[in-house]
Amino acid sequence: MTEGMGRVVCDITVTADGYSAGLNQTEQRPFGDDGGDGSGDGLHGWMFKTPDENRAEIDQIIAAKAFIMGRNMFGPVRGEWDRQWNGWWGDDPPFHAPVFVLTHHAREPQPMDGGTTYHFVTDGIESALARARAVAGDGDVAIGGGATTVNQYLAAGLIDELRLHIVPLTIGAGTRLFEGVPPLKLEQVHSRAATLVTHVTYRLLI
């Protein structure tokens with residue numbers, strides 16, 4: 001972490017076997033073969049079925065001053081932007097801050113209600129992080145996902161704190177956290193078990 005800057009943090013929900021989404025993702029089934037109907041109901045039930053029990057962790061997720069996500073997390077559109085897709089979260093997304101979307105295809109910024117603006121970054125993960133840090137100031141920058149994007153930042157040594165939300169579910173295949181990431185040294189700084197999830201926070205050591 002650079003002096004005078006906030007942390008780079010990451011919250012990601014994974015199954016007990018390490019997957020953040022299953023195979024065969026589509027617009028109708030954004031989490032693919034996730035052990036349910038493809039909506040991520042099992043993966044993210046802890047947020048929507050038991051929100052009061054997990055309020056501290058939910059609040060922590062959206063407390064960042066800037067966010068970064070991969071294009072697959074942003075939506076199902078592939079290749080050139082052939083329609084005005086503005087994310088899965090409706091007109092007033094929960095971020096209420098700038099969101100930098102990694103993509104190979106340029107697009108003008110997309111302002112949304114509630115203070116969220118999507119910025120589309122075509123020149124890589126370090127450029128996205130530099131832009132996010134510039135607007136976040138001394139606030140945190142959150143690497144939102146999915147796992148492929150998180151893995152790139154982990155491999156580059158750019159994440160300070162990794163917060164895993166581990167659900168009691170296995171799906172056997174899909175997009176997996178730590179895939180292709182070299183060995184890491186982690187310090188466990190917090191853990192808490194809840195009804196539908198176990199929250200574990202790690203600090204990444206140099």
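Sheet, helices and cores in a predicted model

Biologist: In what order do the nine strands of the open sheet run?

Modeller: In this predicted model, the pairing within the open sheet is mixed. The edge strands, each pairing on one side only, are β5 (110-111) and β10 (185-193). Read across, the order of the nine strands is β5-β6-β4-β3-β7-β1-β8-β11-β10.

Biologist: In which sense do β4 and β6 pair, parallel or antiparallel?

Modeller: Strand β4 covers residues 98-102 and strand β6 residues 117-121, and five bridges join the two. One of the residues involved is P98, whose bridge partner in β6 is T117. The sense of the pairing between β4 and β6 is parallel.

Biologist: At about what angle does helix α4 run to β4?

Modeller: Helix α4 (residues 125-136) lies across several strands, including β1, β3, β6 and β7 as well as β4. Helix α5 (residues 147-155) also packs on the sheet, and its direction makes about 135° with that of β7. For α4 against β4, the angle is about 175°.

Biologist: Which element supplies the largest share of the largest nonpolar core?

Modeller: This core has 28 residues, and those with the most contacts inside it include I12, I143 and V150. V150 in turn is in contact with I12 and I143, among others such as C10 and L177. The largest share, five residues, comes from α4.

Biologist: Which side chain of opposite charge is nearest to R71?

Modeller: R71 is found in helix α3 (residues 71-74), and among the residues it touches are E80, W81 and H105. R71 is buried yet has no salt bridge. The nearest side chain of opposite charge, 6.4 Å away, is that of D82.

Key. Residues are numbered from 1 along each chain as its sequence is written. This is a predicted model: local features need pLDDT of at least 70, side-chain atom pairs count only at pLDDT 80 or more; totals for chains, interfaces and linings use all residues. Side-chain values use heavy atoms; hydrogens and water are left out. Helices (H or I, at least four residues) and strands (E, at least two) are DSSP runs, numbered from the N terminus. Buried means under 20% relative accessible area, exposed over 50%, partly exposed in between (1.4 Å probe, protein chains only). Lys and Arg count as positive and Asp and Glu as negative; His and the chain ends are not counted. A salt bridge is a side-chain nitrogen of Lys or Arg within 4 Å of a carboxyl oxygen of Asp or Glu. Contact means heavy atoms within 4.5 Å. Two strands pair if DSSP finds at least two bridges between them. Axes are lines fitted to C-alpha atoms, for helices over the stretch in contact, and angles run from 0 to 180 degrees between N-to-C directions. A nonpolar core is a set of buried Ala, Val, Leu, Ile, Met, Phe, Trp, Tyr and Cys residues joined through side-chain atoms within 4.5 Å. Lists of a residue's contacts leave out its neighbours within four places in sequence.
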